[in-house]
Amino acid sequence: MIIRGADPGHAAVQALLREHLASMEHTAPPESRHALDLSGLKGPDISFWSIWDGTNIAGIAALKRLSDSHAEIKSMRTATSYLRRGVATRMLRHLIREASATGCSSLSLETGSMAFLEPARCLYRSFGFVECPPFADYKPDPNSTFMTLAIDGPAPGNPFRPVPFRDAP
């Protein structure tokens with residue numbers, strides 16, 4: 001699988017993004033859905049990647065720059081046919097490396113608090129993310145879990161060491 005900078009206009013990327021946004025429609029009220037749509041992914045403060053298995057898209061994710069030292073993970077999604085195959089782990093490792101390489105010392109995210117998202121929260125915890133209060137423009141929301149990671153060093157008990165990502169052109 002290859003991770004590369006993504007064009008939000010690519011048909012496969014758009015299809016996965018539509019799947020991502022549609023999956024949230026029945027899980028939370030509109031004010032609790034914070035994934036970026038196509039126009040949001042084209043913002044000047046957004047870096048966007050896709051992960052491919054040959055010609056098949058396996059996942060997408062974005063980083064939103066909040067400040068010189070803080071970024072947020074946005075719109076991370078694994079294609080249904082690639083669930084439980086390590087796509088999210090590879091993408092999360094890539095996002096942490098990218099944030100580290102661009103000078104960020106903290107990386108945060110918002111995800112749903114629903115039981116079906118517990119595997120995602122477990123993945124984030126395995127990389128050292130911890131729950132935190134709302135950040136940036138977020139407000140307290142019972143449908144949201146906010147998490148953050150200090151990436152200027154490893155979390156206690158986590159062997160992951162952020163290093164600049166060198167595999168992409």
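Modeller: Start with the cut-offs. Buried means under 20% relative accessible area, exposed means over 50%, and partly exposed lies in between. Keep in mind that this is a predicted model. Its mean pLDDT is 81, and 79% of the residues reach 70 or more. Residues 154-169 fall below 50 in pLDDT, yet that stretch has 20 contacts in the model beyond near neighbours in sequence.

Now the salt bridges. The count is four. The cut-off for a salt bridge is 4 Å, from a side-chain nitrogen of Lys or Arg to a carboxyl oxygen of Asp or Glu. How open are they? Arginine 85 has 47% relative accessibility, so it counts as partly exposed. Aspartate 53 has 28%, so it is partly exposed too.

Next, look at glutamate 118. This residue forms a salt bridge with arginine 121, and the closest N and O atoms are 2.8 Å apart. Both residues lie in helix α4 (residues 118-126), and because they are three residues apart, about one helical turn separates them. In general, an α-helix has 3.6 residues a turn, so residues three or four places apart point the same way. Glutamate 118 also meets arginine 125 in a salt bridge, at 2.9 Å from N to O. Together, Glu118, Arg121 and Arg125 are linked in a network.

Arginine 121 has 6% relative accessibility, so it is buried. Glutamate 118 has 28% and therefore counts as partly exposed. Arginine 125, at 35%, is also partly exposed.

Helix α3 has 15 residues and reaches 21 Å from its first C-alpha to its last, close to the 21 Å expected at 1.5 Å a residue. Its buried residues include Val87, Met91, Leu92 and Leu95. His94 and Glu98 are also among them. Just after α3, glycine 103 takes a positive phi of about 90 degrees.

Technical notes. Residues numbered from 1 in each chain as written. Predicted model: local features only at pLDDT ≥ 70, side-chain atom pairs only at ≥ 80, totals over all residues. Heavy atoms only, no water. pLDDT = per-residue confidence, 0-100. Contact = heavy atoms within 4.5 Å. Buried < 20%, exposed > 50% of the residue type's maximum accessible area, 1.4 Å probe, protein only. Helix = DSSP H or I, 4+ residues; strand = E, 2+ residues; numbered from the N terminus. Expected span 1.5 Å × (residues − 1).
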